[in-house]
Structure formats: C-alpha cells, structure tokens
Amino acid sequence: MIISTSFYILSLAFLLFIIVCGFSIIFSALSFAPWVPSRSRDLKRIFKLADLKPGEIFYDLGCGDGKVALYAAKNYKVKAIGLEISLPFYLICKLRQALSGRAKIEFKLKNLYKENLALADAVYFFSIPHALNEKFCLKLKQELKPGAKIISYAFKLPDWQPKTTDRPSKKDLPVYLYEM
Ligand SMILES: C[S@@+](CC[C@H](N)C(=O)[O-])C[C@H]1O[C@@H](n2cnc3c(N)ncnc32)[C@H](O)[C@@H]1O
C-alpha cells in the first residue's frame, strides 16, 4: 500500500515536471526564440568580435544549453551570465556548470526582459528577426552603458548599423557587432 502510494506521488510529480518543461519550452519559443544552438565552429568568430577583457561582464540573453556562456568564462576570464527562461535548458546549464567547476559563471532561470543590463560590457544573443523588435531594441538602448558591445548571431537588429559584420563566406552565418 505504502509502495503504491509513493509510486503514485512520484509519477504525478514526474508528470507535473514534464508539463512544466513543455510549457516553458513553448513559452520561450514565443517570447524570444526557440532553442537552436549557435554553431560551435562559430564561437571563435563570435568572441573575436566581442574582444572581451578579463573581469568584464558578458551576458548570453537566452543561453540555451549554456555553451556560449561557458565558452566565455573558460576562455576569457570574464564573469559570464546566462539568462534562460526554459526550465529544462536551465537545468542543463546548471549541470554543465557543475561538471565544469567554473565559479565565474551564473545561470539564472529568468526572463531576459526582467534583467537590468546596466552592468554588461557585452551582450550576446541568437534570436529570430521577429523578436529583434522595437521593445527589445529599446531595452538595449535604455539599459546598456556607453561602449557596451552587442553581438547578434545570424540576424541584424532592424535600423541599427553594425560596426562590423563577420561572414567569411556565403555558407557561414553572419555575426553582427554593434556598440552603444
Ligand atoms: C536560439 S536559442 C540560443 C541559445 C544560445 N544562446 C546559443 O546561442 O547557443 C534561444 C534561447 O533563448 C531562450 N529564451 C527564449 N525566450 C526567452 C526569454 N524571454 N528570456 C530568457 N530566455 C529566453 C530559449 O529557451 C532558447 O534557449
């Protein structure tokens, strides 16, 4: 009897977890972008443009599996902050962080629109054109400090002139660098 009640409670908890994960994935896709990782082979290009200095604060807005933030913390000695709204991806980030043993990285289960970016030296994102809208651009304009770098993977910010565009060939996805 005790075993079947515990099994029932555990199954219910698991089902609830799956439902919450499902909803958070759907919500994240509608909010900023569905999960599609930046290509690993493009990380060098991305961070060449970002030109990070030790001690700087780097954000990945919608950090997915945490790959980009982990790369920043590992290779550039920056404080990397990854914001992720989707529970399963956040849990993956925390697991990867624990396995990597990196202290200078923080993953937050948070809507990127709820984070103030005033301390950021560089922000990175991989979103879809539809989400790179007026609301998002206004947030960047209002919160980022002068000189802060903005790196957008694959898609341009509408009406903003990139300082540099990196696209070695037509086969490659472009990386855009903007500066406040
Ligand atoms: C295209 S993926 C990019 C992942 C990662 N930045 C990379 O380049 O590999 C976009 C990520 O943003 C997350 N996301 C969507 N809306 C968000 C929001 N409002 N706040 C935080 N994260 C969000 C999604 O869950 C997804 O993991």
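Which residues have the most contacts inside the largest nonpolar core? I began there, keeping in mind that this is a predicted model. The core has 37 residues, and I listed Y59, A69, A72, A80, A122, V123 and Y124 as those with the most contacts inside it. When I looked up which element gives the most to this core, I found helix α3, residues 67-76, with five residues.

I then took V123 from that list and, leaving aside its neighbours within four places in sequence, noted its contacts with Y59, L61, L117, L144 and I150.

Next I turned to helix α2, which spans residues 43-50 and has I46, F47 and A50 as its buried residues. These three cover an arc of only 85° around the axis, which means that they sit on the same side of α2. I recalled that an α-helix has 3.6 residues a turn, so residues three or four places apart point the same way. On the other side of α2 I found K44 and K48, both exposed. Among the elements that cover the buried residues of α2, I noted α3, β4 (122-125), β5 (149-153) and β7 (175-179). After α2 comes D51, and I recorded that its phi is positive, near 45°.

Last, I looked at the ligand, which has 23 residues around it, and S28, F32, S38, G62 and G64 are those that come nearest. I sorted the residues of this shell into 13 nonpolar, seven polar and three charged.

How values were computed:
Residues numbered from 1 in each chain as written. Predicted model: local features only at pLDDT ≥ 70, side-chain atom pairs only at ≥ 80, totals over all residues. Core = buried A, V, L, I, M, F, W, Y, C linked by C-beta atoms within 7 Å. Buried ≥ 20, exposed ≤ 12 C-beta atoms within 10 Å, placed from the backbone. Helix = DSSP H or I, 4+ residues; strand = E, 2+ residues; numbered from the N terminus. Contact = placed C-beta atoms within 7 Å. Near = placed C-beta within 6 Å. Nonpolar A, V, L, I, M, F, W, Y, C, P; charged D, E, K, R; others polar. Arc of directions from axis to C-beta.
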